Amino acid sequence: MTRPAIHPRAHDAAIDDALRAAIHDDRLYEVAETLLAAAGRLHPDDALLVDAARRACLRIGEQSLALAHSVADGLRDASIPCAVEVAESRALQYHLCTLSLAGDDPTGAVDWLKSAGFWCPASTDTLHWESFRLRNSELTMCRLDDASSCLRLRWQASRKAGRALALRYPLKALRSLLRRVRQRPPPAIDTVSLGELRGTPRALMPALFEFAALRPEDVVVDIGCGDGRVLIEAARRVGCRGIGIEAQAGLCAVARERISEAGLGDRIQIRHDDSRGFDGSEATVIFLFVPVRALSILVPEMLPKLAPSGRIIAHEQVALGEVVAPDRSAPLIGDCALTVAHLWR
Ligand SMILES: C[S@@+](CC[C@H](N)C(=O)[O-])C[C@H]1O[C@@H](n2cnc3c(N)ncnc32)[C@H](O)[C@@H]1O
């Protein structure tokens, strides 16, 4: 028997701590198996929670592998040879699969993946893209689906990136690019990177909202809102209003389209802006799914600006390190998604 999203915490706080530490060490499956071996000593509710964590890892692994094979089939049908890289363990903590491409040019595969719903921040017909793909040998793309599945593409590194670029592009084009880069004014504000698009899995949202005690009168601000999924679900499930701040124009367009499809245009606003353009004043709840280094900057900046009932909610799968200690943390285990949630008041 599994529970859809387990919340708020285990019967025994030590189990919560063990699961949280296991998630942070990327050893959840292993630790869950060890705890279950001693199931006789666990409270029955905690045994269920630990078993749900173990099953979630297995399901995430199965789904990731199935996705890898279906994408690989699609690419091969499009005459793009590739192979699925199989993870060492069949259990995973997040939806991620890896495909290795034959050859050193991932452009066709990336275009195919874009048409299959994976998000790629770059356009593949520019000199910037050429430069990127010649200087790198992998790229992770995230699909805008409920699970937020990620796919890592690997290709053979080009050892002579500079020469390959020069052969493909006339010197004039390279000089003009260089001129444009040099002339570009420095950013007006000191930006903080909130990372690339990784959507919060939809299955975790009810537990996250409950954890943050969201109420209809709340105004949730998602800083780095991606495709707007968190705000849409919060408005649908709880009835609160939302503001999304997103640096990428393409994602703002996707978010606005989804909001309009959901008939929530009067409740959610998307702003194409940098996180630094937001002063915190309108929020009763700030939602953050960003790398820990960004949390360590944003949490202390935003906390003093919050109203007395205001709170910050974040989730992640890596330890918080230097980030101001949260008031509450808890592992959230869903059917095929998991995370550690944190709340600051
Ligand atoms: C990890 S995703 C989180 C998406 C969304 N909050 C969710 O939970 O589904 C981080 C998002 O932040 C955006 N981003 C990165 N740096 C940013 C910045 N400086 N200002 C605003 N948005 C930014 C990215 O484009 C990406 O969509």
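Asp26 counts as partly exposed because 14 C-beta neighbours lie inside 10 Å; a residue is called buried if 20 or more other C-beta atoms lie within 10 Å of its own, exposed if 12 or fewer, and partly exposed in between, with C-beta atoms placed from the backbone. The model is predicted: local features need pLDDT of at least 70 and side-chain atom pairs count only at pLDDT 80 or more, while totals for chains, interfaces and linings use all residues. Residues are numbered from 1 along each chain as its sequence is written. The phi angle of Asp26 is near 55°, a positive value in a residue other than glycine. Asp26 sits in the loop between helix H1 (13-24) and helix H2 (28-37); helices (H or I, at least four residues) and strands (E, at least two) are DSSP runs, numbered from the N terminus. Ala213 also has a positive phi, of about 50°, and is not a glycine. The loop that holds Ala213 runs between helix H8 (205-211) and strand S7 (219-223). Ala213 is partly exposed, with 14 other C-beta atoms within 10 Å.

H1 and H2 pack with their axes 8 Å apart, at an angle of about 150°; axes are lines fitted to C-alpha atoms, for helices over the stretch in contact, and angles run from 0 to 180 degrees between N-to-C directions. The two helices, H1 and H2, are therefore roughly antiparallel to each other (angles under 35 degrees count as roughly parallel, over 145 as roughly antiparallel, 65 to 115 as roughly perpendicular and the rest as oblique). Ala18, Leu19, Ala22 and Ile23 of H1 make the contact with Leu28, Val31 and Leu35 of H2, where contact requires C-beta atoms, placed from the backbone, within 7 Å. By class, this contact of H1 with H2 has seven nonpolar, no polar and no charged residues; Ala, Val, Leu, Ile, Met, Phe, Trp, Tyr, Cys and Pro count as nonpolar, Asp, Glu, Lys and Arg as charged, and the others, Gly among them, as polar.

An open sheet with mixed pairing is formed by five strands in the order S2-S3-S6-S5-S4; two strands pair if DSSP finds at least two bridges between them. S2 and strand S4 (118-119) stand at the edges with a single partner strand each, so one side of each has no neighbour in the sheet. Strand S2 (residues 82-85) pairs with S3 in the antiparallel sense over four bridges, and Glu85 stands opposite Thr98 in S3. S3 pairs with strand S6 (residues 150-154) in the parallel sense over five bridges. Leu99 is opposite Leu153 in S6, and Ser100 is opposite Arg154 in S6. Helix H3 (residues 44-77) lies across S2, S3 and S6, at about 30° to S3.

Leu101 counts as buried because it has 21 C-beta neighbours inside 10 Å. Leaving aside neighbours within four places in sequence, Leu101 is in contact with Cys82, Pro106, Ala109, Leu153, Arg154 and Trp155. Leu101 and Val84, 17 residues apart in sequence, are 9.0 Å apart in space, C-alpha to C-alpha.

The ligand is surrounded by 24 residues, of which Leu194, Thr200, Gly224, Gly226 and Phe289 are the closest; a residue is near a molecule if its C-beta atom, placed from the backbone, lies within 6 Å of it. Helix H9 (229-237) and strand S8 (241-246) each supply at least two residues of this shell. By class, the shell around the ligand has ten nonpolar, nine polar and five charged residues.

Notes: Two residues are in contact if their C-beta atoms, placed from the backbone, lie within 7 Å.
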